[in-house]
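Trainee: I would like to learn how to read side-chain contacts in a model. Please take me through some.

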Amino acid sequence: MSGEDAPYYSPFFGVMGVASAIIFSALGAAYGTAKSGTGIAAMSVMRPELIMKSIIPVVMAGIIAIYGLVVAVLVAGEVKEVKEGYNLYKGFMHLGAGLAVGFSGLAAGFAIGIVGDAGVRGTAQQPRLFVGMILILIFAEVLGLYGLIVAIYMFSK
């Protein structure tokens with residue numbers, strides 16, 4: 001099914017892939033930022049000199065949204081009208097790519113938020129926890145990266 005014989009609603013799935021990529025990854029990034037931010041605010045009362053060192057979880061949460069933005073822009077650039085050759089296969093692949101990066105970004109954002117909150121509060125009391133917090137944050141961040149890799153692979157099909 002290509003060109004004129006593809007259903008007229010084929011681009012809908014591509015557009016939903018674009019929306020899913022940015023919405024879910026931004027939601028995860030927002031949660032990670034908010035949750036880590038509350039930990040930073042609570043920690044800064046006791047140890048204001050550690051504020052800049054504790055910003056790392058917020059930065060890592062923001063990177064999750066960039067993953068979704070990259071996929072959303074890539075997919076949006078490929079969505080066309082049916083008469084230009086956009087078929088259901090492309091639409092479903094683009095939807096899958098958006099969902100892959102979106103949901104993995106959501107999960108990564110939740111993990112970064114929870115670890116960041118507890119980590120910065122713990123680091124204020126015991127500075128040796130900082131390296132462990134960073135390692136756990138990296139493992140949480142890589143979940144979003146896995147989704148980005150799968151999404152780019154699906155996009156290229």
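This is a predicted model: local features need pLDDT of at least 70, side-chain atom pairs count only at pLDDT 80 or more; totals for chains, interfaces and linings use all residues.

Trainee: How is a pair of aromatic rings described?

Mentor: One gives the distance of the centres and the angle of the planes. Here the count comes to six aromatic pairs. One of them joins Tyr-9 and Phe-13, with 6.3 Å from centre to centre and 70° between the planes.

Trainee: Is that pair of Tyr-9 and Phe-13 stacked or edge-to-face?

Mentor: Edge-to-face, because the angle is 70° and planes over 60 degrees apart are put in that class.

Trainee: Which residues form one aromatic cluster?

Mentor: The cluster is made of Tyr-8, Tyr-9, Phe-12, Phe-13 and Phe-92.

Trainee: Are Tyr-9 and Phe-13 buried, partly exposed or exposed?

Mentor: Phe-13 has a relative accessible area of 18% and is buried. Tyr-9, at 41% relative accessibility, is partly exposed. Buried means under 20%, so Phe-13 with 18% falls in that class.

Trainee: Which ring does the charged end of Lys-53 sit over?

Mentor: That of Phe-130; the charged end of Lys-53 is 4.4 Å from the centre of this ring.

Trainee: How many salt bridges does a search of the whole structure find?

Mentor: The search finds five. Among them is the bridge between the side chains of Asp-117 and Lys-35, at 3.7 Å from N to O. Asp-117 lies in helix 3 (residues 88-125) and Lys-35 in helix 1 (residues 10-46), so this bridge ties together parts 82 residues apart in sequence.

Trainee: Where do Asp-117 and Lys-35 stand in accessibility, buried or partly exposed?

Mentor: Asp-117 is buried, with 11% relative accessible area, whereas Lys-35 is partly exposed at 28%.

Trainee: What does Asp-117 form with Arg-121?

Mentor: A salt bridge, in which the closest N and O atoms are 2.7 Å apart. The two residues, Asp-117 and Arg-121, are four residues apart in helix 3, which means a separation of about one helical turn. Arg-121 is partly exposed, at 35% relative accessibility. Through shared partners, salt bridges join Lys-35, Asp-117 and Arg-121 into one network.

Trainee: What do the side chains of Arg-47 and Glu-49 meet in?

Mentor: They meet in a salt bridge, with 2.7 Å from N to O. Arg-47 counts as partly exposed at 25% relative accessibility, and Glu-49 counts as exposed at 55%.

Conventions
Residues are numbered from 1 along each chain as its sequence is written. Side-chain values use heavy atoms; hydrogens and water are left out. Rings of Phe, Tyr and Trp (its six-membered ring) pair if their centres lie within 6.5 Å; planes under 30 degrees apart count as stacked, over 60 as edge-to-face and the rest as tilted. Buried means under 20% relative accessible area, exposed over 50%, partly exposed in between (1.4 Å probe, protein chains only). A charge sits over a ring if NZ of Lys or CZ of Arg is within 6 Å of the ring centre and within 35 degrees of the ring normal. A salt bridge is a side-chain nitrogen of Lys or Arg within 4 Å of a carboxyl oxygen of Asp or Glu.
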